[in-house]
Amino acid sequence: MAEPRVTRDLYNVRLRPTEAAAAPLTDEEEQRFRAVLFSELGNEIADHGSARFPAYTPEDRRRLVDVAHRLTAHWGRQVFVEAEDLTRLRLYLAGHGERTRTLPTGT
């Protein structure tokens, strides 16, 4: 016997205008965001040897690689970057769970 179909009405649903889409950060916002990432991810890496953070866009990935470069320069220890999946990167110090595919961030 076939199940009855349920029709659901959606009330007050509107399309978002294109200008309401996420706008890129201003230079000041970008600097502040990278400073927060540097501090928070740096603390996590210092405490646990690694940190994971979502990276949904190429810009997110660039930010995290830049943070890894800055941490490497700040600590004098190599901070590696690894893609765990399509939406998350892992930053870690040598000796803290390297996997076969790693992208070193310093030269």
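Colleague: Before we start, what counts as a cavity here?
Modeller: A cavity is a set of grid points where a 1.4 Å probe fits but cannot get out. Keep in mind that this is a predicted model.

Colleague: OK. How many cavities of 30 Å³ or more does the structure hold?
Modeller: One. The largest cavity has a volume of about 40 Å³.

Colleague: Which residues line the largest cavity?
Modeller: Phe33, Leu37, Phe53, Pro54, Asp60, Arg63 and Leu64. Five are nonpolar, two are charged and none is polar.

Colleague: Which element gives the most to that lining?
Modeller: Helix H2, with three residues. H1, strand E1 (50-54) and H2 each supply at least two.

Colleague: Switching to the helices. At what angle do H1 and H2 pack?
Modeller: About 60 degrees, with their axes 9 Å apart. H1 covers residues 27-48 and H2 covers residues 58-75. That angle makes H1 oblique to H2.

Colleague: And is the crossing left-handed or right-handed?
Modeller: H1 passes H2 in a right-handed crossing.

Colleague: Which residues meet there?
Modeller: From H1, they include Phe33, Leu37, Phe38 and Leu41. From H2, they include Arg63, Leu64, Val67 and Leu71.

Colleague: How do the contact residues divide into nonpolar, polar and charged?
Modeller: Eleven are nonpolar, two are polar and seven are charged.

Colleague: Back to the cavity. Where do Phe33 and Leu37 sit?
Modeller: Both are in H1, among the residues that meet H2. Both also line the largest cavity. Arg63 and Leu64 in H2 are part of the helix contact too, and they line that cavity as well.

How values were computed. Residues numbered from 1 in each chain as written. Predicted model: local features only at pLDDT ≥ 70, side-chain atom pairs only at ≥ 80, totals over all residues. Heavy atoms only, no water. Axes fitted to C-alpha atoms, helices over the stretch in contact; angles between N-to-C directions. Helix = DSSP H or I, 4+ residues; strand = E, 2+ residues; numbered from the N terminus. Parallel < 35°, antiparallel > 145°, perpendicular 65-115°, else oblique. Left-handed = near helix turned anticlockwise from the far one by under 90°. Contact = heavy atoms within 4.5 Å. Nonpolar A, V, L, I, M, F, W, Y, C, P; charged D, E, K, R; others polar. 1 Å grid on protein atoms, 1.4 Å probe; cavity = no way out; pocket = protein on both sides within 12 Å on 5 of 7 lines; lining within 4 Å. Points joined across faces, edges and corners; volume = space filled by probe spheres on them.
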